[in-house]
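Subject: Structure handover

Hello,

Here is the structure you are taking over. Please open it first and then read the notes under it.

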Amino acid sequence: MPLPATTTAAQGSAADARPLAVFDLDGTLVARDTFLPFLVSYARRRRRLRPLLTLPAYLGLYACGLLSDRAAKERVLGSFLRGQCRRSVAEHADWFARTWVPPRLRAEVVGRLREHQRAGHRVILLSASPDMYVPAIAQSLGITEVVCTRVAGDSAAWGGAIVGPNCKGAAKLTCLREHLGRERWAAESFAYGDRPHDLTILRWAGAGFLVTRRAGLVRV
């Protein structure tokens, strides 16, 4: 299906000349969540039992509303990856992007991604998932720009605390605007997401598409 036409906004700078395409990751490009599968597969491959035993407790506290989304994410990240060697995590991220992700990609959304790439549009992967592995997935898809949740650490090992916003919901638009260095995109813009909290981004773009199981891509 060809890309739909959108109305170009008022004249912008030369940096705005290319159309922009923003893609969510979990549930959009990939048919399911990647966060827990990444962490669980890392623990299993490294034979780390303790994080697997504590995970249900954190998920239960989150489900009961006793932990915020950010706090739960930090607890889980700390449990699985605090103190873990960056090289070891990066190797797992490469493995995850090569083996776990491809069978779970949404063909229709990846097809739209390829259309944007062939047309020379500026493509950004925008995700609430952490920078421990999202860039590896982006690289496997030929995407060079990534905006995602950032996690603390030093040059040798990861921490567990989130640095800056948890890139989810309304914070996604804040992070994207900061990355772009502008409030609006002057040229054509497209956005793709699958959750109600992605609507902020979908409505910000000139053409926003909600990814649904039954109807596929639905114009917002």
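A search of the whole structure turns up one cavity of 30 Å³ or more; a cavity is a set of points on a 1 Å grid over the protein atoms alone where a 1.4 Å probe fits but cannot get out. The model is predicted, so local features need pLDDT of at least 70 and side-chain atom pairs count only at pLDDT 80 or more, while totals for chains, interfaces and linings use all residues. Residues are numbered from 1 along each chain as its sequence is written, and side-chain values use heavy atoms, without hydrogens and water.

The largest cavity has a volume of about 50 Å³, the space filled by probe spheres set on the points. Its lining (residues with an atom within 4 Å of a point) includes Phe-23, Asp-24, Lys-172 and Ile-201. Two or more lining residues come from each of strand E1 (20-23), strand E5 (189-193) and helix H8 (199-204).

Phe-23 and Leu-29 have the most contacts inside the largest nonpolar core, which has 44 residues. Such a core is a set of buried Ala, Val, Leu, Ile, Met, Phe, Trp, Tyr and Cys residues (buried: under 20% relative accessible area, 1.4 Å probe, protein chains only) joined through side-chain atoms within 4.5 Å. Helix H1 (residues 35-45) gives the largest share of this core, six residues. A second, separate core of 17 residues includes Ile-201.

There are zero disulfides, that is, pairs of cysteine sulfur atoms within 2.5 Å. Cys-175 is buried, at 12% relative accessible area, and the nearest cysteine sulfur, that of Cys-167, is 3.9 Å away.

Regards

Key:
On a 1 Å grid over the protein atoms alone, a cavity is a set of points where a 1.4 Å probe fits but cannot get out, and a pocket is an open set with protein on both sides within 12 Å along at least five of seven lines; lining residues have an atom within 4 Å of a point. Helices (H or I, at least four residues) and strands (E, at least two) are DSSP runs, numbered from the N terminus. Buried means under 20% relative accessible area, exposed over 50%, partly exposed in between (1.4 Å probe, protein chains only).
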